[in-house]
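Here is a friendly walk through the side-chain contacts of one protein model. Keep the structure open beside you as you read.

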Amino acid sequence: MATVPLTATPLAISLPATRERGLRIAFRVFGIAITAALAGHLATLLWARHAFTGVEAMVALHSNMLAHGEGLYRDLNRYPFTVSAYGPVFYSLTALLERMGVPLYQGARSISFLALLGTLWCAWSVLGMLVANRYARFAGVLLAAATANLTFWGTTGQVDMLAIFWSLAAFRQFLVWREEETTKGLVLCGILAVLAMFTKQTAVAAAVTISLCLLWDNRRRGVLWVGSVAAAAVAAALGVNALNHGHFFENAVFANLNPFRWQKLAQQAQYLALTAGALMAVAVLGMRDAGRRLAPLYLYTGLASAVWLVTAPKVGSDLNYQIEMTLLWCLSAAVALDRLELFPKIVAGDKNWVTLVQIPVALHLVLNLVVTGKSLVERALIEPFKRADIAALQPYLAPERGLVLAAHYDAMLQTRGRIDVETLIYSLLVDAGRINPEPVLGDIEARKFQTVVLYHNVFAGPPAWDSPELTALPKVHLEAVRKNYRLVKHVEGPFLDGEYIYEPLRD
């Protein structure tokens with residue numbers, strides 16, 4: 001009679017338990033690292049007094065002008081020559097916090113950080129409705145929270161993270177509605193979708209996803225929802241436009257039609273491939289035979305990717321244009337891990353090829369944590385240089401000096417709280433023939449600007465860089481500066497070649 005060795009059963013039981021314990025330890029290690037990275041970002045956003053990006057400074061300037069009664073959307077052919085390029089939601093919240101005594105940058109960044117946390121919660125909730133395995137659900141949230149692009153823009157005072165929060169919240173609400181099918185749920189879904197679009201105009205992927213899914217399931221109900229949301233959005237847009245004397249559409253739509261440069265898309269694609277390429281490959285593995293339950297997530301991911309492809313080549317675009325898409329690829333990757341049964345196979349010691357998928361998952365986590373650490377160090381190290389830079393510029397930008405033309409937006413916020421000419425968007429609009437250049441050009445020629453601050457020496461020929469974002473003024477304006485102004489100081493700033501300060505020639 002055959003006998004079974006006494007050690008076989010305990011060993012068979014202990015190995016899976018050991019593997020699962022190792023899995024839990026790995027999750028804890030990554031969770032601690034991600035929490036530390038978020039805490040570092042939180043500390044930095046509260047400590048830093050100067051802009052992380054040029055757009056952050058512009059959003060703060062517009063919010064400050066709104067808070068002090070100067071309005072938000074202005075006539076593009078009158079001073080101040082600046083464009084409020086986004087919907088009113090983020091500006092209004094930042095202005096409200098400023099009126100309550102919260103510093104502009106800290107208020108705007110706090111809104112973004114809270115939106116980031118809310119987005120991660122929505123991701124957790126969405127995955128709870130789409131995946132069965134708890135490790136796959138945890139992995140999806142960790143993948144999103146570790147993504148360097150999300151944490152960078154989720155701690156920057158720009159509109160992007162708040163728009164993504166509204167969008168993902170709308171999508172989450174749609175998934176909840178599919179289980180409950182209450183009218184209240186659909187109404188809330190519509191409100192969130194409209195809030196997303198009035199935070200950032202390109203935040204349409206969630207609304208389109210919900211619309212298509214509703215139309216596919218029940219055409220009558222879909223048409224009713226689409227019509228109601230569209231009517232609400234149009235009514236709100238017309239109302240905002242009327243309150244701003246017709247300038248909302250002028251600012252948020254027509255002035256946003258920037259020229260395209262395909263090299264911008266190539267640059268973004270390189271970063272995307274580096275920081276999310278492995279993740280996207282994992283997500284694709286789980287898309288086969290998805291079925292009705294998962295179709296909305298994949299549709300949303302595809303539409304967000306399409307929005308990125310269309311908008312990324314625009315002059316002025318940055319890596320913030322791809323964060324919604326990357327977030328959704330994280331969620332799609334979590335679904336793939338669940339469908340491939342990666343974690344049960346790891347615990348069971350399965351030799352199937354699927355277990356190799358843990359390599360790109362770990363690669364995404366490690367690589368993005370490294371990039372996040374690098375961005376944190378850069379923010380901390382460059383802040384003292386920015387403070388010295390602003391201190392050197394301050395005497396030349398003091399409010400009592402009158403009209404000032406400066407390409408340094410952060411300096412304008414710190415010294416004056418407003419801006420007279422937003423050089424980048426002004427140059428783009430002049431080159432596109434959308435605004436009259438004569439008022440600003442005439443004031444340069446008449447030497448009415450008491451200070452001009454540019455990022456290059458106009459007496460040394462054209463700048464060394466070929467970038468519309470860094471070209472401060474149209475050529476004819478630069479020629480007028482050469483003829484009517486003198487270089488009085490060169491400040492060794494932290495970016496490019498520093499700042500060149502010009503003052504009018506004296507007859």
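Does W166 count as buried or exposed? With a relative accessibility of 16%, W166 counts as buried; here buried means under 20% relative accessible area, exposed means over 50%, and partly exposed lies in between (1.4 Å probe, protein chains only).

## Before you start

This is a predicted model, in which local features need pLDDT of at least 70 and side-chain atom pairs count only at pLDDT 80 or more, while totals for chains, interfaces and linings use all residues. Residues are numbered from 1 along each chain as its sequence is written, and side-chain values use heavy atoms, with hydrogens and water left out.

## Aromatic pairs

A pair of aromatic rings is described by the distance of the centres and the angle of the planes. Rings of Phe, Tyr and Trp (its six-membered ring) pair if their centres lie within 6.5 Å; planes under 30 degrees apart count as stacked, over 60 as edge-to-face and the rest as tilted. Searching the whole structure turns up 16 aromatic pairs. One of them joins F27 and Y135, whose ring centres are 5.5 Å apart with planes at 40°, so this pair is tilted. F27 belongs to helix α1 (residues 8–47) and Y135 to helix α5 (residues 134–146), so the pair ties together parts that are 108 residues apart in sequence. Helices, for the record, are DSSP runs of H or I with at least four residues, numbered from the N terminus. F27 is buried at a relative accessible area of 16%, and Y135 is buried too, at 8%.

W166 from the opening question has a ring partner as well: the centres of the F165 and W166 rings are 5.3 Å apart and the planes are at 50°, so the pair is tilted. Elsewhere, ring pairs link Y73, F198, F248 and F249 into a cluster.

## Charges over rings

Two arginines are worth a look for another kind of contact. A charge sits over a ring if NZ of Lys or CZ of Arg is within 6 Å of the ring centre and within 35 degrees of the ring normal. R109 places its charged end over the ring of F52, 3.8 Å from the centre.

## Salt bridges

A salt bridge here is a side-chain nitrogen of Lys or Arg within 4 Å of a carboxyl oxygen of Asp or Glu. By this rule, the count is 17 salt bridges. Take K200 and D160, whose side chains meet with N and O 2.6 Å apart. This pair links distant parts of the chain, 40 residues apart: K200 is in the loop between α8 (183–197) and α9, and D160 is in helix α7 (residues 160–180). K200 is buried, at a relative accessible area of 9%, and D160 is buried at 5%.

R387 counts as partly exposed at 24%, whereas E383 is buried at 1%. Salt bridges that share partners also join E70, R416, R418 and D420 into one network. R78 bridges to D75, with 3.6 Å between the closest N and O atoms; R78 is exposed, at 58%, while D75 is partly exposed, at 23%.

C330 is in no disulfide either, and its nearest cysteine sulfur, that of C122, is 15 Å away. C330 is buried as well, at 0%.

## A nonpolar surface patch

V208, L212, L215, V223 and V226 make a nonpolar surface patch of about 340 Å². Patches are made of residues with over 30% relative accessible area and no salt bridge, with like charges joined within 9 Å and nonpolar side chains (Val, Leu, Ile, Met, Phe, Trp, Tyr) within 5 Å. Accessible areas come from the Shrake-Rupley method with a 1.4 Å probe, and for residues only the protein chains shown count as cover.

Two helices, α9 (205–217) and α10 (219–243), each supply at least two residues of the patch. α9 gives the most, with three residues, and V223 lies in α10.

Key: A disulfide is a pair of cysteine sulfur atoms within 2.5 Å.
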